[in-house]
Amino acid sequence: MAGFLVFDGVSKSFGTVRAADGVSLSIERGEFFSLLGPSGCGKTTLLRILAGFERPDEGRVLLDGEDITALPPNRRKVNTVFQSYALFPHLSVRENVAFGLRVARRPKAEIESEVDRMLALVQMEDQGAKRPDQLSGGQRQRVAIARALINHPQVLLLDEPLAALDLKLRQRMAIELDRIHDEVGITFLFVTHDQGESMSLSDRIAVMKEGRIEQIGTPAEVYEAPRSSFVAAFIGDTNFLEGHVSEVVDGEYIRLAITGFGDVLCFNDAQRQPGMPVYLSVRPEKIRISREAPPADARHNVFPCRVEDVVYLGTHTRFWVSVGGRRIAVFQQQGRFLLDERPIRWNEDAWISWHADDGFMLERFSEADGALTGTGVDDGEVGGDADAGDGADG
Amino acid sequence: MTSGQPAPEERRRLNEWLLTAPSLLWLAVLVLVPTAIVFVIAFKPPDIDGGIGAGWTVATLRSLARSSYARIAWRTLYLSFLTTAGCMLLAVPTGYFIARVDRAWRQSLLLLVVIPFWTSFLIRIFAWKVLLHPDGPVKAALAWLGLVPPNAGLLYNAGAVLLVMIYTSLPFAILPVYAAAEKLDYTLVEAARDLGATPLGAFFRVFVPGISRGLVAATLLVFIPSLGSYIIPDLVGSPSSEMLGNVIAQRVFVERNLPHASALAAVLTVAVLAPMLAVLLLRRNGEVGAAQSRGPL
Amino acid sequence: MRRSRFPLLVTVAVLLFFYLPILVLVVNSFNASRFGTTWQGWTLHWYARLTTERDIWDALRLTLEIAFVSTAASVVLGTTAALALHRFSSRVQRFHSALISVPLVMPEILMGISLLLFFAAIGLDLGLLTVILAHVTFSLSYVALVVLGRLEGFDDSLLEAARDLGAGRWYTARRVLLPLLAPGIAAGGLLAFTLSVDDFVITFFVAGPGTTTLPIRIYSMIKHGSPPLINALSTLLLLVTFLAVWLSQRLATRRT
């Protein structure tokens with residue numbers, strides 16, 4: 001496998017738990033790459049294998065063409081920003097940042113100027129004399145980043161670095177990370193369970209589940225074209241429909257017979273043939289809802305429905321409607337001043353519609369990710385919300 | 001590090017041995033071997049110079065079956081038991097109190113409990129000798145209150161031994177109870193009250209089981225050393241309140257009969273091992289909290 | 001249980017119980033009476049007598065020498081033991097852990113007599129060396145216990161961070177582990193020192209005729225009279241203890 005940073009068939013078990021199962025992955029130089037998944041999916045295990053704290057049972061890790069699988073952690077050109085930051089409590093900020101260079105026995109003058117440069121990079125210039133226990137969470141994280149980057153690693157590993165911060169700080173630090181990545185230009189490997197973070201920061205994302213990679217792609221690819229129900233449900237929300245292909249319509253589109261709905265038109269992405277079973281994912285924000293039936297359109301799927309739940313959220317409104325016994329979620333953005341119109345209410349009849357291009361067929365479907373009634377969890381949550389795990393996973 | 005390094009598994013094994021060997025070997029040589037020797041010497045005859053004779057014999061062990069030894073062994077057991085009971089009765093409320101008090105007070109209280117322990121053991125016992133002396137203040141106070149007859153002897157009897165044993169063992173009971181009580185989640189006790197338990201009921205159903213690990217540690221830390229008490233019965237006791245420890249010391253220093261002392265020590269060792277093994281077996285069956293820490297106790 | 005005053009009362013009673021004999025000692029050290037059972041006037045006579053008792057100062061010096069040597073050795077052995085127990089969890093460590101527990105619960109008289117017999121069996125004369133060996137044997141476990149307690153709360157990711165930044169195992173141990181473990185090791189050492197200074201039973205069994213430590217001297221003083229001197233000596237020792245405790249508290253709080 002070509003690529004700057006390569007995992008080649010990496011497997012690792014802890015007792016009976018298979019934390020990583022034949023993972024193969026190729027990351028480009030300078031990429032901001034995320035490993036995204038719920039607790040226990042194996043992302044931290046891969047990170048630790050790359051850092052050198054775990055040995056894979058099978059497979060290799062290659063960095064810039066060199067097999068580093070057997071190298072101890074202190075000999076790899078890889079540095080880690082730990083989830084707890086792991087700043088040395090008995091050393092000052094400057095001493096913490098200088099640690100790697102002191103180990104490498106660089107000359108004193110060089111160390112001093114590099115530390116200055118790094119502190120400036122993370123905007124902590126005047127905090128050099130402080131101890132870690134005198135710093136806030138965000139400041140500690142910056143020191144941890146500076147301490148890692150000063151060694152000019154080829155890859156910077158970040159283990160859920162934003163998990164310990166509160167929301168506003170998290171948003172600010174995410175922007176900081178982005179800026180630092182742009183300035184420094186090295187490869188970042190970012191591990192998180194927060195899909196929002198990984199979507200906003202990454203060049204590419206690898207979605208993981210139970211030790212395996214479900215899908216790799218850019219944020220847009222992973223969102224718009226999920227290949228499995230897990231990915232579709234883990235990132236954002238979605239509706240799941242199932243049925244089979246009934247006919248191919250002028251090459252580009254196929255007609256599906258969807259249980260409970262009838263005929264649904266969909267873009268034919270993969271040469272599907274009549275008779276093949278199909279699972280369809282339609283994101284709620286791609287569905288339009290209106291009180292009157294929309295004009296008929298060859299490319300639109302239109303269905304009457306009954307509104308069962310309405311949640312008004314200011315920027316948008318969430319509807320749960322039922323079509324043929326199936327529960328469908330619809331997110332409608334408020335484009336216009338709402339008070340001028342009569343809003344669609346609970347228990348009313350309405351119409352939903354979506355364009356044939358907006359549905360996406362999945363390669364793999366699992367009941368665990370979302371029931372085929374159309375939504376994920378019974379209490380009205382659509383798809384499976386991104387797992388709000390507390391970070392630590394195997 | 002060159003490519004000639006041993007594989008990490010082997011290196012790890014080597015590091016483990018490097019760290020473990022010093023203390024392991026030291027204790028094996030200076031604790032296990034001597035203990036084994038105690039059992040061995042029990043089978044040897046004494047020689048006239050106060051040393052160990054040649055050959056083997058079971059006469060020493062047989063002589064242990066004498067009734068006087070049985071009495072002493074029994075006394076040792078029940079005095080230790082009473083000491084433990086007394087200490088637990090005092091330690092549980094004290095440990096509970098210190099664990100519940102404000103943090104600011106906790107450290108000071110713990111210090112107050114521990115400081116006497118920092119003073120010389122012998123001196124503390126000596127102080128009780130003075131206190132309990134027939135002409136001493138305690139006797140005077142109690143006689144004045146009419147609680148004891150004027151010629152009563154508070155010293156040189158089993159009561160004095162028991163009192164001083166409780167005195168010296170109490171810190172060892174309070175600290176483990178406190179440590180366990182401090183870690184306990186008191187909302188459990190409140191939940192029990194909320195569900196209708198009386199204060200005493202909540203105490204026995206929730207608090208006591210909750211600190212069971214501390215209770216077991218406290219019991220062991222008091223009972224086992226008490227079995228081997230020597231100085232206390234020696235200084236504040238009398239021949240009628242002799243314990244096994246006394247007799248062993250006598251055989252060694254007064255009668256110079258090492259095999260005899262050995263035999264008695266062997267009996268004491270067995271008596272000490274019994275409660276420890278019991279706890280070990282209980283722990284393995286998950287009764288007294290599964291092994292959470294890898295350290296001793 | 002919040003309302004009940006019972007725990008408070010018991011605690012106060014216990015504390016009074018603890019300090020009553022100590023108070024008596026201190027008071028009596030200034031008591032002109034020979035036997036200390038009645039008050040006969042204030043005096044510093046016994047303290048003055050103390051300064052001329054050469055035996056006591058010799059015993060004290062010997063006790064301190066033994067304490068320093070045995071503390072140094074038991075700190076090294078106890079710390080390595082704690083590190084092994086913390087890092088590894090093999091069957092060897094389980095045996096190791098059990099072995100470490102033994103001196104903690106073994107009655108002193110058993111340890112005393114077994115060591116006496118052991119030294120006799122290997123032909124080692126009783127004296128300074130045997131006392132030091134004995135002291136290390138019982139202190140080691142206490143040091144291990146204290147250091148292990150500190151290790152259990154230790155953030156292992158700090159060590160990983162050091163390795164991640166390029167440090168080898170030895171550098172990490174030297175520059176990260178030991179500095180952070182130092183307070184725990186010091187606490188263990190202090191405990192070992194105290195145990196050594198105060199030990200009587202085991203020392204009595206393994207000390208030779210010429211090795212008179214302070215506790216041994218005190219024991220003979222108790223058995224053979226001169227109680228007022230003991231009072232004065234005890235008070236002085238108490239003072240030293242209080243100072244030491246106060247000092248260690250100051251050091252402990254300064255670190256945090």
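Visitor: What pattern does chain C follow along the sequence?
Guide: Elements are DSSP runs: helices are H or I with at least four residues, strands are E with at least two, and both are numbered from the N terminus. In this predicted model, chain C reads α-α-α-α-α-α-α-α-α-α-α. That is eleven helices and zero strands.

Visitor: What are the spans of the C-alpha trace of chain C along its principal axes?
Guide: About 70 × 60 × 35 Å. Now burial. A residue is buried if 20 or more other C-beta atoms lie within 10 Å of its own, exposed if 12 or fewer, and partly exposed in between, with C-beta atoms placed from the backbone. Of the 256 residues in chain C, 46% are buried.

Visitor: How do I read its contacts?
Guide: Two residues are in contact if their C-beta atoms, placed from the backbone, lie within 7 Å. Take the contacts in chain C between residues at least 6 apart in sequence: 76% join residues at least 24 apart.

Visitor: How many residues of chain C are in contact with chain B?
Guide: 73, and they meet 74 residues of chain B. Helix 1 of chain C gives the largest share of its side, 15 residues. For classes, Ala, Val, Leu, Ile, Met, Phe, Trp, Tyr, Cys and Pro count as nonpolar, Asp, Glu, Lys and Arg as charged, and the others, Gly among them, as polar. This side of chain C has 51 nonpolar, 19 polar and three charged residues.

Visitor: Which domains divide chain A?
Guide: Domain bounds come from an automatic or database domain assignment. Chain A has domain 1 (5-224) and domain 2 (229-369). Their C-alpha centres lie 39 Å apart. Seven residues of domain 1 of chain A touch five of domain 2.

Visitor: Why is helix 2 of chain A largely enclosed by the rest of the structure?
Guide: Because eight of its eleven residues (93-103) are buried. Among them are A:Val93, A:Phe99 and A:Leu101. The buried residues of helix 2 pack against helix 3 (108-121) and helix 4 (137-149) of chain A. After helix 2 comes A:Arg105, with a positive phi near 55°.

How values were computed
Residues are numbered from 1 along each chain as its sequence is written. Chains are lettered from A and ligands numbered from 1 in the order in which they are written. This is a predicted model: local features need pLDDT of at least 70, side-chain atom pairs count only at pLDDT 80 or more; totals for chains, interfaces and linings use all residues.
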